[in-house]
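Have a look at the fold below, then walk through it with me.

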Amino acid sequence: GINAEYGESPPSSSFFRNNSSYSLQHLSSSKCPSTTEQLQFFSPDGHLFQVEYALEAVRKGTTAVGVRGKDIVVLGVEKKATAKLQDPRTVRKIVKIDNNIVLAFAGLTADARVLVNRARIEAQSYRLNFDVAPSIEYMTKYIASIQQRYTQSGGVRPFGISTLIVGFSEEGEPELFQTDPSGNFAAWKANAIGRNSKGVREFLEKNYTETSGPDTIKLAVKALLEVVESGGRNVEIAVVSKNQPLRLLTEEEVEEYARVIEEEKAAQQAASRPAE
């Protein structure tokens, strides 16, 4: 047949024997990706730059926080400002993986959509194969394994997201896991990811106690308000309870928590002032 690149029939083997330079130029064309484009390499000091770049994408994402209580697990995210004509319901940072598993993420939304869809398919396949819901630990390991696979495969890049995954164990205990672009995962009592996550994590380390019910929600809101401007209007809160559907707090409910927190903070400041 006709070779579209050269406008003629493919060169014969005798042509290559007599024109070795043509063969080398053809093989080194842009259609043959270089080794450095295909594989991930360690730097001499042990860094994987593509993974570090993905972590930087996470650090530029909106803040997300997870807090584990005695009877509930709370996820909170900073709501990104939407365009005036955009439907805000189509912009979600908190999503369901399965009936008992909920995920929040920070980083590239498009990457999250792909990873979430794969996790949902795996959860449904697990139900079909075993006739039971997958555990939160199983789904966390599955998501982390996909993220890890994309750090050492040719022709792909790491997912630019970190996730907070919450739910209840088979024993009915609340659980909170976090994964990152390297494929690492761990269980936490409370954690934060995304922009300003270091400050939020430090706040949680100082103020975390094992709480229940509204106190757990208040701690999550309080942690986010440390870094989020405009109060409760820019905060979205999801509450996961045992054997209960996912509950997203209304804007009015979040504003009420924010108001109580501000009043408590004002009262503490007034009490700390020296008496005149």
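Asp131 counts as exposed, because its relative accessibility is 70% and the cut-off for that class is over 50%. Keep in mind while looking that this is a predicted model. Asp131 sits in the loop between helix H5 (109-130) and helix H6 (136-149). Its backbone is worth a glance too: Asp131 has a positive phi of about 60° although it is not a glycine. Most residues other than glycine have a negative phi.

Asn196 is another non-glycine residue with a positive phi, again of about 60°. You'll find Asn196 in the loop between strand E8 (190-193) and H7. With a relative accessible area of 40%, Asn196 is partly exposed.

How do H5 and H6 cross? Their axes come within 10 Å, at an angle of roughly 135°, and H5 and H6 are therefore oblique to each other. The crossing of this pair is right-handed. On the H5 side, the residues that meet H6 are Leu115, Arg118, Ala119, Glu122, Ala123 and Tyr126. Facing them from H6 are Tyr138, Met139, Tyr142, Ile143, Ile146, Gln147 and Arg149. Sorted by class, the contact of H5 with H6 has 9 nonpolar, 1 polar and 3 charged residues.

The handedness of the H7 and H8 crossing is right-handed. H7 brings Val200, Phe203, Leu204 and Asn207 to the contact, while H8 brings Leu219, Lys222 and Ala223. Those residues divide into 5 nonpolar, 1 polar and 1 charged.

From H8, the contact takes in Pro214, Ile217, Lys218, Val221, Lys222 and Leu225. H9 answers with Tyr257, Ala258, Val260, Ile261 and Glu264. By class there are 8 nonpolar and 3 charged residues in the contact of H8 with H9, and no polar ones. Lys222 turns up in the contacts of H8 with both H7 and H9.

| Helix pair | Axes come within | Crossing angle |
|---|---|---|
| H5 and H6 | 10 Å | roughly 135° |

Gly231 has its place in the loop between H8 and strand E9 (235-241). At 27% relative accessibility, Gly231 counts as partly exposed. Its C-alpha atom is separated by 7.4 Å from that of Glu255, 24 residues apart along the chain.

Ala81 lies in the loop between strand E2 (72-78) and strand E3 (94-98). Which residue lies 153 places from Ala81 in sequence but 7.8 Å from it in space? That would be Asn234, with the distance taken C-alpha to C-alpha. Ala81 is exposed, with a relative accessible area of 75%.

Is Ser162 buried or exposed? At 3% relative accessibility, Ser162 counts as buried, because that class takes values under 20%. Ser162 belongs to strand E5 (residues 161-168). Leaving aside neighbours within four places in sequence, Ser162 is in contact with Val58, Ala104, Phe105, Ala106, Gln178, Thr179, Asp180, Pro181 and Ile193.

Finally, zoom out to the whole protein. There are 9 helices and 10 strands. Of the 276 residues, 39% count as buried. Take the contacts between residues at least 6 apart in sequence: 61% of them join residues at least 24 apart. The protein exposes about 16,100 Å², and carbon and sulfur atoms supply 50% of that area.

Methods. Residues numbered from 1 in each chain as written. Predicted model: local features only at pLDDT ≥ 70, side-chain atom pairs only at ≥ 80, totals over all residues. Heavy atoms only, no water. Left-handed = near helix turned anticlockwise from the far one by under 90°. Helix = DSSP H or I, 4+ residues; strand = E, 2+ residues; numbered from the N terminus. Contact = heavy atoms within 4.5 Å. Nonpolar A, V, L, I, M, F, W, Y, C, P; charged D, E, K, R; others polar. Buried < 20%, exposed > 50% of the residue type's maximum accessible area, 1.4 Å probe, protein only. Areas by Shrake-Rupley, 256 points an atom, 1.4 Å probe, with all protein chains shown as cover. Axes fitted to C-alpha atoms, helices over the stretch in contact; angles between N-to-C directions. Parallel < 35°, antiparallel > 145°, perpendicular 65-115°, else oblique.
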